[in-house]
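Dear colleague,

Here is the structure I promised to hand over, and below it I have written out what I found in it. Please read the notes with the model open beside you.

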Amino acid sequence: MNIKPSAAIRKNYNEISELCKRSGEPVYLTKNGEGDLVVMDIETFARRESMLRLRENLVAAEEGRLNGKPGYSIDEVSAMMKAAVREVLDGQRK
């Protein structure tokens, strides 16, 4: 865990930025000895947000399954995945 005083962000922005990028971990900033802010590089943030959305979707799917919601067959999932891939590829070609 990387912990720095909040003054460090003003004095050593480039150093903290490099630490975030190199470690892929957030840096915790303190103010008067107490936790104040968390700083992380944009790629780490995007990856964490993506993982959280995935986990939320998995939990929702599991809750639906436990509540008797009908699922999808392997063929239906395969078709949905192919459609999603086509959609992404088409969006990249535009």
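Two residues are said to be in contact, or to touch or pack against each other, when they have heavy atoms within 4.5 Å. Helices (H or I, at least four residues) and strands (E, at least two) are DSSP runs, numbered from the N terminus. This is a predicted model, in which local features need pLDDT of at least 70 and side-chain atom pairs count only at pLDDT 80 or more, while totals for chains, interfaces and linings use all residues. Residues are numbered from 1 along each chain as its sequence is written, and side-chain values use heavy atoms, with hydrogens and water left out.

The sheet

Two strands pair if DSSP finds at least two bridges between them. By that rule there is an open sheet of three strands, in the order β1-β2-β3, with mixed pairing. Its edge strands, each pairing on one side only, are β1 (2-5) and β3 (34-39). From one strand to the next the twist averages 35 degrees, where axes are lines fitted to C-alpha atoms, for helices over the stretch in contact, and angles run from 0 to 180 degrees between N-to-C directions.

The strands β1 and β2 (residues 27-31) run parallel and are joined by four bridges; Asn 2 stands opposite Val 27 of β2, and Pro 5 has Thr 30 in β2 as its bridge partner.

Which residues of α2 are buried? With buried meaning under 20% relative accessible area, exposed over 50%, and partly exposed in between (1.4 Å probe, protein chains only), the buried residues of α2 are Ile 16, Ser 17, Leu 19 and Cys 20. Seen down the axis of α2, these residues fall within an arc of 160 degrees, so they line one face of the helix; the arc is that of the directions from the helix axis to the C-beta atoms. The buried residues of α2 pack against β1, α1 (7-11), β2 and β3, whereas the face turned away from the buried side carries the exposed residues Asn 14, Lys 21 and Arg 22. After α2 comes Gly 24, whose phi is positive, near 70 degrees.

A nonpolar core is a set of buried Ala, Val, Leu, Ile, Met, Phe, Trp, Tyr and Cys residues joined through side-chain atoms within 4.5 Å. The largest one here has six residues, namely Ala 8, Ile 16, Leu 19, Cys 20, Val 27 and Leu 29. Both α2 (13-23) and β2 supply at least two residues of this core, and the largest share, three residues, comes from α2. In soluble globular proteins, nonpolar side chains tend to be buried together. Leaving aside residues up to four places away in sequence, Leu 19 touches Asn 2, Lys 4, Gly 24 and Val 27.

Salt bridges

A salt bridge is a side-chain nitrogen of Lys or Arg within 4 Å of a carboxyl oxygen of Asp or Glu, and the structure holds two of them. In one, the side chains of Glu 25 and Arg 48 meet (3.6 Å, N to O). This pair links distant parts of the chain, since Glu 25 is in the loop between α2 and β2 and Arg 48 is in helix α3 (residues 42-66), 23 residues apart. Glu 25 counts as partly exposed at 41% relative accessibility, and Arg 48 counts as partly exposed at 38%.

In the other, the side chains of Arg 65 and Glu 62 meet (2.6 Å, N to O); both residues lie in helix α3, three residues apart, about one turn of the helix. Arg 65, at 51% relative accessibility, counts as exposed, while Glu 62 is partly exposed, with a relative accessible area of 36%.

A loop residue

Met 40 is found in the loop between β3 and α3, and it is partly exposed, with a relative accessible area of 26%. Not counting residues up to four places away in sequence, Met 40 touches Cys 20, Pro 26, Phe 45 and Arg 48.

With best wishes
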